[in-house]
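Keep the 3D view open as you read.

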Amino acid sequence: MPWFKVDDKFHSHPKVMELPASAVGIWTLAGTWCADYLTDGAIRLGQLRRLGGTQEDADALVAAGLWESTEDGYAFRDWSDYQPMKSAVEQEREASRERQRLARERREEKRREEQANKKRTSDDVTPASQRDNNVTHTPVTEKFSSPVPEPEPVPGTSKEVPEPLSNADAIGPEGKTFELIAEEIQGRTEEQAFDEFWTEYPRKEGKKAARQKFAVAIRHTKAQIIIDGAARLAADPNRETAFTPHAKTWLHNDGWTDPPLPPRQPNGGRQTAAQRKMQTAQERHQRLTGRDGTQAPWTLKQLEED
């Protein structure tokens, strides 16, 4: 994972000293996001807002010469002079994967050699010095000279050996083959699909655990459906940050299948379980008795007795 590099004299740089603390903070957060997603210093306006940045912060950074305006957002000035570029990071990752592949091959080759050595040892004939010369090794066949007849086949059955299953017979969830599931990532690698999901999901905590759950989820659901569900949750006007689940929990519970969140109450919160039960009981009682609900307030016990 690349690092977002910040000079230890950043705090006293002339471009920084006149900036408000909020602008310095969003500059740092945006930098780590760009390094994480390998955007070469570019950040969209929507993502900037998700990080908590404001237009005033962005304008201050542009005025200070730390950012530049782009068509769809902003970009760090001189990113390539101080931060690793996407091409270099991907090249290093590919080299790391190749090293790991070679290491796995060496371990597998060593394992096969050890198994072959064990087999040769077990197949060795007992040394002559350890043999018991009083033991005969003539096979006894007199009592079993007649072969045991094979049982007659059951009518309507066949003794043919079934053909081995092909990869296309490996049926996954919902009747899909695993090859089909892999194709449904739609030309993206699993890592790229997860990065799109992580960009959309509104709560950025527990990324490693979320990546593991995402790998499980795309085995039975298209990656784009999951990504679209995360975007709907982020845009839901009734979502509260404090009650937004971790991505791992949301993926585990198939959160993309959830309906829109219920509207907030006038005081800004949601109904408690007891309030929802009271409202349901009142509606049921009014429907059955024709009461208009203008009487004195009822208790939940009285409603249930009615």
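The paragraphs below take up the sheet, then the helix pairs, then the pockets and the cavity.

This is a predicted model, in which local features need pLDDT of at least 70, side-chain atom pairs count only at pLDDT 80 or more, and totals for chains, interfaces and linings use all residues. Residues are numbered from 1 along each chain as its sequence is written, and side-chain values use heavy atoms, with hydrogens and water left out.

Start with the sheet. Helices (H or I, at least four residues) and strands (E, at least two) are DSSP runs, numbered from the N terminus. Strands pair when DSSP finds at least two bridges between them. Three strands form an open sheet in the order 1-3-2, with antiparallel pairing. Strand 1 and strand 2 are the edge strands, each pairing on one side only. From one strand to the next, the twist averages 25°. Helix 2 packs on this sheet and touches strand 1, strand 2 and strand 3. The direction of helix 2 makes about 105° with that of strand 1. Such angles run from 0 to 180 degrees between N-to-C directions, and axes are lines fitted to C-alpha atoms, for helices over the stretch in contact.

Now look at the pairings. Strand 1 (residues 42-44) and strand 3 (residues 73-76) run antiparallel and are joined by three bridges. Ile43 has Tyr74 of strand 3 as its bridge partner. Strand 2 (residues 67-69) also runs antiparallel to strand 3, again with three bridges. There, Trp67 stands opposite Phe76 of strand 3. Three residues separate strand 2 from strand 3, and the two strands form a hairpin.

Next come the helix pairs. Two packed helices are described by the angle between their axes and the distance between the axes. Helix 2 and helix 4 (residues 55-64) pack at about 85°, with axes 9 Å apart. They are therefore roughly perpendicular to each other, a label for angles of 65 to 115 degrees; under 35 counts as roughly parallel, over 145 as roughly antiparallel and the rest as oblique. Contact here means heavy atoms within 4.5 Å. Ser22, Ala23, Ile26 and Trp27 of helix 2 meet Asp57, Ala60 and Leu61 of helix 4. By class, this contact has five nonpolar, one polar and one charged residues. Ala, Val, Leu, Ile, Met, Phe, Trp, Tyr, Cys and Pro count as nonpolar, Asp, Glu, Lys and Arg as charged, and the others, Gly among them, as polar.

How do helix 8 and helix 10 (residues 223-235) pack? Their angle is about 10°, and their axes lie 8 Å apart. Helix 8 and helix 10 are therefore roughly parallel to each other. From helix 8, the contact takes Ala193, Glu196, Phe197 and Glu200. Helix 10 supplies Ala223, Ile226, Ile227, Ala230, Ala231 and Ala234. Eight of the contact residues are nonpolar, none are polar and two are charged.

On a 1 Å grid over the protein atoms alone, a cavity is a set of points where a 1.4 Å probe fits but cannot get out; a pocket is an open set with protein on both sides within 12 Å along at least five of seven lines; lining residues have an atom within 4 Å of a point. Grid points are joined across faces, edges and corners, and a volume is the space filled by probe spheres set on the points.

The largest pocket has a volume of about 580 Å³. Its lining has 22 residues, with Tyr37, Leu38, Lys86, Gln192 and Asp195 nearest the centre. Helix 2 (21-37), strand 1, helix 6 (86-123) and helix 8 (190-200) each give two or more residues to this lining. Helix 8 gives the largest share, six residues. The lining divides into six nonpolar, five polar and 11 charged residues.

The second largest pocket holds about 500 Å³. Of its 18 lining residues, Phe10, His13, Trp27, Leu66 and Tyr82 lie nearest its centre. Its lining has nine nonpolar, three polar and six charged residues.

The structure holds one cavity of 30 Å³ or more. About 50 Å³ of space lies in the largest cavity. Among its lining residues are Trp3, Cys34, Leu38, Trp79 and Lys86. By class, the cavity lining has eight nonpolar, one polar and two charged residues.
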